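This report is for a reader who has not seen this structure before. Please look over the sequence and the model before reading on.

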Amino acid sequence: YLLEAMPSVLRDYPSTNLLLIGEARRGETLAGLKELIQRLALEDSVNFLGKIDNAKLPLYYNAADVFVLPSLTEGLGLVLVEAAACNCPIIGTRVGGVVDLMETLGKGILVPPRSPEALALAIKTVFENPEEYNNLRETAIHYSWDSILEKNFKVLEDLQQEYFSKMTS
């Protein structure tokens, strides 16, 4: 769907370059995407980078003008948190935990799944007003490992006080 959005984005922003990061787990998926790129004449605008070492991902998030997660299903979408922590504007589809995550972050654009038109519009919106969609680092800290551990310990302490302190009384 993101590839299908690209012709519309390129009409208004012809220098746009889409970097696809991650591993295609099935060869036929990668072959299908490459075929779609050829059919849409996107060979000069789309690059498959494959798997990138986690330590190097912040370099890509910081260099990006926008991060797009066009998932059809998603648990939480931690890659959105990673991008947000680098102050990269984010776009995600209205699926699974992405909805809650975007509400927590307070910025970013949610689009319906399976909608190249909505993705293209969201990308253009970010390109036109980038300052409205960045500065996410402060809210992304809520998803840091330290913050998550602290919240989990608090829940465990509350449970211990509520249930186990009564057993020893």
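The model is predicted. Residue numbers count from 1 along each chain as its sequence is written.

**Aromatic pairs**

How many aromatic pairs are there? The count comes to 2 aromatic pairs. They are listed in the table.

| Pair | Centre to centre | Angle between planes | Class |
|---|---|---|---|
| Tyr13 and Phe127 | 5.0 Å | 75° | edge-to-face |
| Tyr61 and Phe67 | 5.7 Å | 70° | edge-to-face |

Tyr13 and Phe127 are edge-to-face because their planes stand at 75°, and the cut-off for that class is over 60 degrees. Tyr13 has a relative accessibility of 23%, so it counts as partly exposed. In the other pair, both Tyr61 and Phe67 are buried.

**The loop between α1 and β1**

Thr16 also lies in the loop between α1 and β1. Is Thr16 buried or exposed? Thr16 counts as buried because its relative accessibility is 14%, and the limit for buried is under 20%. The side chain of Thr16 reaches back to Tyr13, where the backbone oxygen is 2.7 Å away. Tyr13 therefore takes part in an edge-to-face ring pair with Phe127 and is also reached by Thr16 through its backbone oxygen.

**A charge over a ring**

Lys34 has its charged end over the ring of Phe48. The distance from that end to the ring centre is 5.9 Å.

**A nonpolar surface patch**

Which residues make the nonpolar surface patch? Phe153, Val155, Leu156, Leu159, Tyr163 and Phe164 make it, and its area is about 650 Å². One of these residues, Phe164, lies in helix α8 (residues 145-168).

**Positive phi values**

For Asn87, phi is near 60°. Asn87 is placed in the loop between α4 (78-85) and β4 (90-93). Its relative accessibility is 24%, so Asn87 counts as partly exposed.

For Arg114, phi is near 65°. Arg114 is found in the loop that joins β5 (109-111) and α6. The relative accessible area of Arg114 is 53%, so this residue is exposed.

Definitions and conventions: This is a predicted model: local features need pLDDT of at least 70, side-chain atom pairs count only at pLDDT 80 or more; totals for chains, interfaces and linings use all residues. Side-chain values use heavy atoms; hydrogens and water are left out. Rings of Phe, Tyr and Trp (its six-membered ring) pair if their centres lie within 6.5 Å; planes under 30 degrees apart count as stacked, over 60 as edge-to-face and the rest as tilted. Buried means under 20% relative accessible area, exposed over 50%, partly exposed in between (1.4 Å probe, protein chains only). A charge sits over a ring if NZ of Lys or CZ of Arg is within 6 Å of the ring centre and within 35 degrees of the ring normal. Patches are made of residues with over 30% relative accessible area and no salt bridge: like charges are joined within 9 Å, nonpolar side chains (Val, Leu, Ile, Met, Phe, Trp, Tyr) within 5 Å. Accessible areas come from the Shrake-Rupley method with a 1.4 Å probe; for residues, only the protein chains shown count as cover. A salt bridge is a side-chain nitrogen of Lys or Arg within 4 Å of a carboxyl oxygen of Asp or Glu. Helices (H or I, at least four residues) and strands (E, at least two) are DSSP runs, numbered from the N terminus. A polar contact is a pair of N or O atoms within 3.5 Å; within protein, one must be able to donate a hydrogen and the other to accept it, and residues adjacent in sequence count only if both atoms are side-chain atoms.
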